[in-house]
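Here is a short report for a first look at a structure. Begin with the view below, then read on.

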Amino acid sequence: MVEQKVSPNLHTFSILVDALCKEGMLPEAEGVLEFMIQRGEVPSLVTYTSLMDGYCLRGQMENARRVFDSMVNRDLEPDVICYGILIKGYCKNRRIDEAMHLFKEVPCKGLNYDVIIYSTMLQGLFENGRCAAARELFDEVFSKGMQPDVRMYTVMIHGLCQEGLFDEAKELLIRMEECGCVPDAVIYNVVVQGFLKGSQCHEAVLLMEKMAAKGFSPDAPVISMLREIVQTKGQDPTLLDIIQNLSTKGQVI
């Protein structure tokens, strides 16, 4: 393109950096970034964000932070998306304290939290065994006058089920509906899976009946778990009824 004397613009460079990052070609992506700067182009937040995300996805957090700092040094102000990407990367790499430090930095930079960054931090806390901290953070959402969305409720309920807190998970599902946030098929399947894994078969059956009444169907992981349970508790009449209903709908167990 350059050889043909066609000058790429910022948008073209950003697309190229993003494509290289998605292919795992991070040194090449950095090379494009340096080429941009040498040509006098000012990389945008989008360009830097793509590179940070590429490093985070591969667990190279030092490089991701280096790109973040480089962006700041060039007088580009990170937005909440930039912070969210770094926070998610730290959480995935079990560097939860660094993630929390960044999370707390967000309002200090004049930025507002959104439900996405809260959900990211909540998931990271649960994945790193910080259930109590996740509960406190979730309560903070309400204290700031925000309303969780379906994804945030899904993260919370899944985390509670993973911790074996099934009653609390069920209560949160009810609270969700009372707050006007309508559960979808994903969140019902998350709860059902949690109950089945915790041998809470009766509660799982009640939820599946509620799912059916709302027109939702169990997903593949739930059906697989039901299949395993049938092999050990095949004479449970309620489970057999559920299985019979699924079979008539073409979902063979």
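## Inside the core

Ile87 is in contact with Ala99, Leu102, Phe103, Ile117, Thr120 and Met121, leaving aside its neighbours within four places in sequence. The model is a predicted one. Ile87 belongs to the largest nonpolar core, which has 76 residues. Ile87, Phe103, Met121 and Leu196 are the residues with the most contacts inside this core. Helix H5 (residues 80–92) supplies the largest share of the core, 8 residues. In soluble globular proteins, nonpolar side chains tend to be buried together.

## Aromatic rings

Next come the rings. The count of aromatic pairs comes to 8. Two of these pairs involve Phe103, and the table sets them out.

| Pair | Centre to centre | Angle between planes | Type |
|---|---|---|---|
| Phe103 and Tyr113 | 4.4 Å | 15° | stacked |
| Phe103 and Tyr118 | 5.4 Å | 70° | edge-to-face |

Why does the pair of Phe103 and Tyr113 count as stacked? The planes of the two rings are at 15°, and stacked pairs have planes under 30 degrees apart.

Where do the partners lie? Phe103 is in helix H6 (residues 96–108), while Tyr113 is in the loop between H6 and H7, so this pair ties together parts that are 10 residues apart in sequence. Phe103 and Tyr113 are both buried.

The pair of Phe103 and Tyr118 links distant parts of the chain. Tyr118 is in helix H7, and the two residues are 15 residues apart. Tyr118 is buried, as is Phe103. Ring pairs join Phe103, Tyr113 and Tyr118 into a cluster.

A ring can also have a charge over it, as with Phe142. The charged end of Arg175 sits over the Phe142 ring, 4.4 Å from the ring's centre.

## Two further sites

Is Ser50 buried or exposed? Ser50 has a relative accessible area of 11%, so Ser50 is buried, the cut-off being under 20%. Ser50 has its place in helix H3 (residues 45–57). Not counting residues up to four places away in sequence, Ser50 touches Val17, Asp18 and Cys21.

Arg130 is partly exposed, because its relative accessibility is 33%. Arg130 lies in the loop between helix H7 (115–127) and helix H8 (131–143). Beyond its neighbours within four places in sequence, Arg130 is in contact with Ile96, Asp97 and Leu125. Ile96 is 34 residues from Arg130 along the chain, and the C-alpha atoms of the two are separated by 9.2 Å.

Definitions and conventions: Residues numbered from 1 in each chain as written. Predicted model: local features only at pLDDT ≥ 70, side-chain atom pairs only at ≥ 80, totals over all residues. Heavy atoms only, no water. Helix = DSSP H or I, 4+ residues; strand = E, 2+ residues; numbered from the N terminus. Buried < 20%, exposed > 50% of the residue type's maximum accessible area, 1.4 Å probe, protein only. Contact = heavy atoms within 4.5 Å. Core = buried A, V, L, I, M, F, W, Y, C linked by side-chain atoms within 4.5 Å. Phe/Tyr/Trp six-rings, centres within 6.5 Å; stacked < 30°, edge-to-face > 60°. Lys NZ or Arg CZ within 6 Å of the ring centre and 35° of its normal.
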